[in-house]
Amino acid sequence: MRYSVIIPAHNEAENIVNAINALKAQNIQRKDFEIIVVDNLSTDNTYEKALEAGADIVVKGNKKGANMARQAGFENSKGQISVFLDADCIPPRNWLEKITKDLSKSGIAAVSGPYDYNFKGIYWVINYIYTNWVAPPGTRILQFIFRKKAGIIIGGNFAARREVIDAIGGLPPLAFWEDDATIAMLISRKVGKVLFDLKLIVKSCDDRFERIGFFKLGFKYLVEYIKAFFNADSFIKK
């Protein structure tokens, strides 16, 4: 098995079918990848919907949280490349193909890319500027000032070879905040470079921004990223 696509899902009955259908439409052969959904203590029929849609494995998670679910999926996977997608995300047809090309580049340990939230107007402009012109150089500035390696990983749109996940001792047991940023720091510091490919885009839902507020949530993400930059070393196993 070449790829294992792992999808954590908590009460995602309305979204999981679309995510799985998008995976089944990838422009690589279906036999080359498995789809693993981790039902993360859902109270709806996520489990049944995932099976009906064509997931190869649906794992009943017993610990609530994004990385706990991802780790449960990883432990039940067989693929050489572990790929992580969120249940409310829709990847393009060439997603797995592009991941393969990115991981084949010299020195790349993991790859990630941005979400397309379908923002409009000024929100689209701000998100574009931040994603393209602020975040990537920001990691380099942190590295230069504090002499600690850094990277960017978006939890619902990243991939790494199986041995890379093993090398960091598995995914750090973080429920949500700092979960993906900590993965990026650990891989950068223990294994190799994390490539943030601005063209590796998946569509995602903007419900969280609508619920919390665009600027408030954006600031929260920034603060949590900086916290992860300094806290990640506590997850490095001696």
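Val164 counts as buried, at 6% relative accessibility. The cut-off for that class is under 20% relative accessible area. The structure is a predicted model. Val164 is placed in helix α6, which spans residues 162-167. Setting aside neighbours within four places in sequence, Val164 makes contact with Ala109, Ile187 and Val191. Glu52 is 112 residues from Val164 in sequence. In space, the C-alpha atoms of Val164 and Glu52 are 32 Å apart.

Burial was also examined in helix α4. This helix covers residues 95-103. Its buried residues are Trp95, Leu96, Ile99, Thr100, Asp102 and Leu103. Around the axis they cover an arc of only 165°, and therefore lie on the same side of α4.

Helix-helix packing was examined for α5 and α9. Helix α5 comprises residues 121-146, and helix α9 comprises residues 214-231. The two helices pack at an angle of about 15°. Their axes are 12 Å apart. Angles under 35 degrees count as roughly parallel, so α5 and α9 are roughly parallel to each other. Their crossing is right-handed. On the α5 side, the contact is made by Tyr123, Ile126, Asn127, Tyr130, Thr139, Leu142 and Phe146. On the α9 side, Phe214, Phe215, Leu222, Tyr225, Phe229 and Phe230 take part. By class, the contact of α5 with α9 has eleven nonpolar residues and two polar ones.

Asn11 has a relative accessible area of 32% and is partly exposed. That class lies between the buried limit of 20% and the exposed limit of 50%. Asn118 sits in the loop between β6 (115-116) and α5. Helix α5 is the helix that packs with α9 at an angle of about 15°.

Terms used: Residues are numbered from 1 along each chain as its sequence is written. This is a predicted model: local features need pLDDT of at least 70, side-chain atom pairs count only at pLDDT 80 or more; totals for chains, interfaces and linings use all residues. Side-chain values use heavy atoms; hydrogens and water are left out. Axes are lines fitted to C-alpha atoms, for helices over the stretch in contact, and angles run from 0 to 180 degrees between N-to-C directions. Helices (H or I, at least four residues) and strands (E, at least two) are DSSP runs, numbered from the N terminus. Angles under 35 degrees count as roughly parallel, over 145 as roughly antiparallel, 65 to 115 as roughly perpendicular and the rest as oblique. A crossing is left-handed if the near helix is turned anticlockwise from the far one by less than a right angle, and right-handed if clockwise. Contact means heavy atoms within 4.5 Å. Ala, Val, Leu, Ile, Met, Phe, Trp, Tyr, Cys and Pro count as nonpolar, Asp, Glu, Lys and Arg as charged, and the others, Gly among them, as polar. Buried means under 20% relative accessible area, exposed over 50%, partly exposed in between (1.4 Å probe, protein chains only). The arc is that of the directions from the helix axis to the C-beta atoms.
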